[in-house]
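The structure is shown first.

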Amino acid sequence: SEAFFDAGVVQRGITTHGEEFLIVAYERASWSESDIGLVSVILLTPHSRGGVSVAENECHVHMNMLDDERDVLSMREAVETLLHIVSQESFGAIAHNVYADDEGTTTDDLRALSAAELDSWIRLNLRPVSHVAASCSQAVDHKGSLKLVEGVFVADASILPRVPPSTPAGPVTIEARRIARILEGVLA
């Protein structure tokens, strides 16, 4: 059996407006796609905030990603930085083909877009990261309780005040334990 090492390369960046982002490259997109690598852009300091609502006894999560125009501008700068990186000869030496989406859009196609067209492409192709950090930080109080829904507590990466620059496992564990201690006192 062939062993794989999921190499991760991270480059931190700051936009002209001071927003932080990461460019993360992985050796392969998934276990089943070992011949396809993955490079993504992550905005660490988004201004957009999600929320949770209840309608007809059902909870609804509203991500509201890129709801704030500052985030669109920041993502555009981050994507432009990524496009610059993948156009380098050294990147071409390790990548046979580079596609920007599932439709086969090339990086040259993206570079040819106007700013407004690139913003539209970003909005269309934006995906939440696996931990959806900081998406609902304003929907809960300091106890992790949803502000508009009594008796519902959240203790995951979505309530962090900002996206951590590395895996959120540590901050989430700390917050979950802090909220659990609060709940122990409330429920005791």
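## Salt bridges

The model is predicted. In it, seven salt bridges are counted. Among them are Asp68 with Arg70, Arg76 with Asp119, and Glu184 with Arg177.

## Arg76 and Asp119

Arg76 and Asp119 approach each other to 2.7 Å, N to O, in a salt bridge between their side chains. Arg76 belongs to helix H1 (residues 69-86) and Asp119 to helix H4 (residues 115-125), so the contact ties together parts that are 43 residues apart in sequence. Arg76 and Asp119 are both buried, that is, under 20% relative accessible area.

## Pairs with partly exposed residues

In the salt bridge between Asp68 and Arg70, the closest N and O atoms are 2.7 Å apart. Arg70 has a relative accessible area of 45% and is therefore partly exposed, since that class lies between the 20% limit for buried and the 50% limit for exposed.

The side chains of Glu184 and Arg177 form a salt bridge at 3.5 Å, N to O. Glu184 is partly exposed, at 46% relative accessibility. Arg177 is also partly exposed, with a value of 38%.

## Strand E2

Strand E2 spans residues 20-26, and five of its seven residues are buried, so the strand is largely enclosed by the rest of the structure.

The pairing of E2 with strand E3 (residues 38-43) is antiparallel and runs over six bridges. Within this pairing, Leu22 is placed opposite Ile42 of E3. In a regular strand, side chains alternate between the two faces of the sheet.

Technical notes: Residues numbered from 1 in each chain as written. Predicted model: local features only at pLDDT ≥ 70, side-chain atom pairs only at ≥ 80, totals over all residues. Heavy atoms only, no water. Buried < 20%, exposed > 50% of the residue type's maximum accessible area, 1.4 Å probe, protein only. Helix = DSSP H or I, 4+ residues; strand = E, 2+ residues; numbered from the N terminus. Pairing = 2+ DSSP bridges. Salt bridge = Lys/Arg side-chain N within 4 Å of Asp/Glu carboxyl O.
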